[in-house]
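Here is a short tour of one protein chain, meant to be read with the model open beside you.

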Amino acid sequence: MQAWTVESVVALAPDAASASAGQALASERKWSGIGRSDRAVWGFCQGSGKDPYQARVDLSEPAFKCSCPSRKFPCKHGLALMLLLAKSPGVFKAQAEPGWVSEWIAGRSERAEKKVEKAKAAAEKPVDIEAQAKRAAQRTQRVQDGIAGCRVWLEDLVRRGLAAAQGESAASWDRMAARMVDAQAPGLAAMVRRMPEVIASGAGWEVRTLDHLGRIHTLMRAGERLSELPGDVAGDVRVALGWPQSKDEVLASEGVRDRWVVLGQVVEEEDRLRTRRTWLVGRGTRRRALLLDFAAGLAPLEATVPAGVEVEGELAFYPSRQPLRALVKGAGEPLPMGALAGATDATIEEGLASYAAALAANPWTGRWPLLLEGVRLVKEREEWCLVDRAGDGLPLRGAFTGGINLWRLLSASRGDEATVLVEWDGESAMPVGAVGGVGDAFLDLAPRWAA
């Protein structure tokens, strides 16, 4: 049975309010009838009504069910039950499952079997090559039409000048982004939607805006010439535009086996879509890897390995000129994180060189993980930086320096050196995890819900 931690349970919460409410209920005195089996945990939690709520969790996924009227999934009671399991597993006594638990799991198993049978039947069904090619051609044409419309808008924007762009309303950017979504180019839509943020980024905004517009132009130009590009380049362009990628094809490819250290996990929410980025580094290969998961609305994110551990396992990487995103082909039980010597970027210069190489291979690389050894927090004028032993520094993102995690890192390291994983976007660094300081324990710095 997987060893759950508070962090891995909180990562399943649909929003910050649910996580906070679950924490408040994660106390043995608030529960009765608590029990566990090899595959489930359950218990009763008294709410405002006469009868207590029945909460149960199938640990294999995990999957949740509760008799409360909440529309959130998982609800605060399911989260509280799992948080209590993570903090105080001893209160869960092994016993036979009550009927309301075993019947629910049996129903889930039956539905899962039917789903597998349906998928098997679909896989055995002959592929209509002609229809498949027709759908692909239709999507390509929609994307090309979207790019053409975006090009007219972009050229008009540049013709009027960057100063005029400052006066554009948020609604105008959103309208163009929505047109790109309708054209089945969500990646291009995301780049357009980021424009107001870049324009409002403070001193030097015009340089950053021009750079961002250049990236949009380069992506559109590449999208217009997809048929002329080499296979791996065309694949990166499709990903940048927002083409979906087949998980089955990736999992069928040759994997990379290593002892993978889970260095950080970021959960962000935008337009009711939650995205989780889990960053890993291989001890033997020193390869960086990104596990990317999504959940829409109130649906839960799939369970994954928590930050601050390491696992023996195999990752399959998505094809790219700069492979980074990966899927887990197989992994053992999470183990405590050990020292990171040998897997780090020894200097900031070395880390930035790896980012430059990634950007040269794939110009649409958004974030790149830098695992910086021997850096410390330094405040220069009004700006916080991470500075290495050579005296080189990286500016930290405002979202980090304006929050509590800055002071958590400063307190844990006592102003001394630490090994810090940051997401680098070419402008600023967002720390998501650190090792060093008091007890050399892992410090989770990642935001769980971004503003």
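Contact here means heavy atoms within 4.5 Å. With that cut-off in hand, please turn to helix H7 in this predicted model: what covers its buried residues includes helix H5 (129-160), helix H6 (162-166), helix H8 (186-193) and helix H9 (195-199).

Helix H7 runs over residues 170-182, and its 13 residues reach 18 Å from the first C-alpha to the last, close to the 18 Å expected at 1.5 Å a residue. Which residues of H7 are buried? They are Ser 172, Trp 173, Met 176, Ala 177 and Met 180. Seen down the axis of H7, these buried residues fall within an arc of 135°, so they line one face of the helix. An α-helix has 3.6 residues a turn, so residues three or four places apart point the same way. The face of H7 turned away from the buried side carries the exposed residues Ala 170, Arg 175 and Asp 182. Just after the helix, Gln 184 takes a positive phi of about 60°.

**Helix H15, a second case**

Helix H15 (residues 404-413) can be read in a similar order. Its buried residues are Asn 405, Leu 406, Leu 409 and Ser 413. They cover an arc of only 110° around the axis, which puts them on the same side of H15. On the face turned away from that buried side sit the exposed residues Ile 404 and Ser 411. For H15, the cover includes strands as well as a helix: strand S11 (368-380), strand S12 (383-387), helix H14 (398-401), strand S14 (418-424), strand S15 (429-435) and strand S16 (442-444).

**Backbone details worth a look**

Most residues other than glycine have a negative phi, and most peptide bonds are trans.

Where does the model hold a cis peptide bond? One runs from Phe 73 to Pro 74, with omega near -5°. Pro 74 has its place in the loop between strand S4 (63-66) and helix H3 (76-87).

**Two residues in their surroundings**

Is Arg 276 buried or exposed? At 1% relative accessibility, Arg 276 counts as buried, as the cut-off for buried is under 20%. Arg 276 lies in strand S6 (residues 273-282). Leaving out residues up to four places away in sequence, Arg 276 touches Ala 11, Gln 265, Val 266, Val 267, Leu 291, Leu 292, Asp 293, Leu 301, Glu 302, Ala 303 and Thr 304.

Beyond its neighbours within four places in sequence, Gln 23 is in contact with Val 6, Val 10, Leu 83 and Lys 87. Gln 23 and His 77 are 54 residues apart in sequence, and their C-alpha atoms are 9.6 Å apart in space.

**The whole chain**

Stepping back, the secondary structure of the protein comes to 15 helices and 16 strands. The radius of gyration is 24 Å, close to the 22 Å that the globule rule gives for 451 residues, so the protein is as compact as a globular protein of that length. Along the principal axes, the C-alpha atoms fill a box of roughly 70 × 60 × 45 Å. Buried residues make up 44% of the 451 residues. Among contacts with a separation of 6 or more, 63% are between residues 24 or more positions apart. The accessible surface comes to about 22,600 Å², and 52% of that belongs to carbon and sulfur atoms.

**How confident is the prediction?**

The protein averages a pLDDT of 87, and 96% of the residues score at least 70. Among the elements, helix H1 (residues 6-10) has the lowest mean pLDDT, 80, and helix H13 (residues 348-361) has the highest, 95. Where pLDDT is low, the predicted coordinates should not be read in detail.

Terms used
Residues are numbered from 1 along each chain as its sequence is written. This is a predicted model: local features need pLDDT of at least 70, side-chain atom pairs count only at pLDDT 80 or more; totals for chains, interfaces and linings use all residues. Side-chain values use heavy atoms; hydrogens and water are left out. pLDDT is the predictor's confidence in each residue, from 0 to 100. Helices (H or I, at least four residues) and strands (E, at least two) are DSSP runs, numbered from the N terminus. The expected span of a helix is 1.5 Å times one less than its number of residues. Buried means under 20% relative accessible area, exposed over 50%, partly exposed in between (1.4 Å probe, protein chains only). The arc is that of the directions from the helix axis to the C-beta atoms. The radius of gyration is taken over C-alpha atoms; the globule rule is 2.2 Å times the number of residues to the power 0.38. Accessible areas come from the Shrake-Rupley method with a 1.4 Å probe; for residues, only the protein chains shown count as cover.
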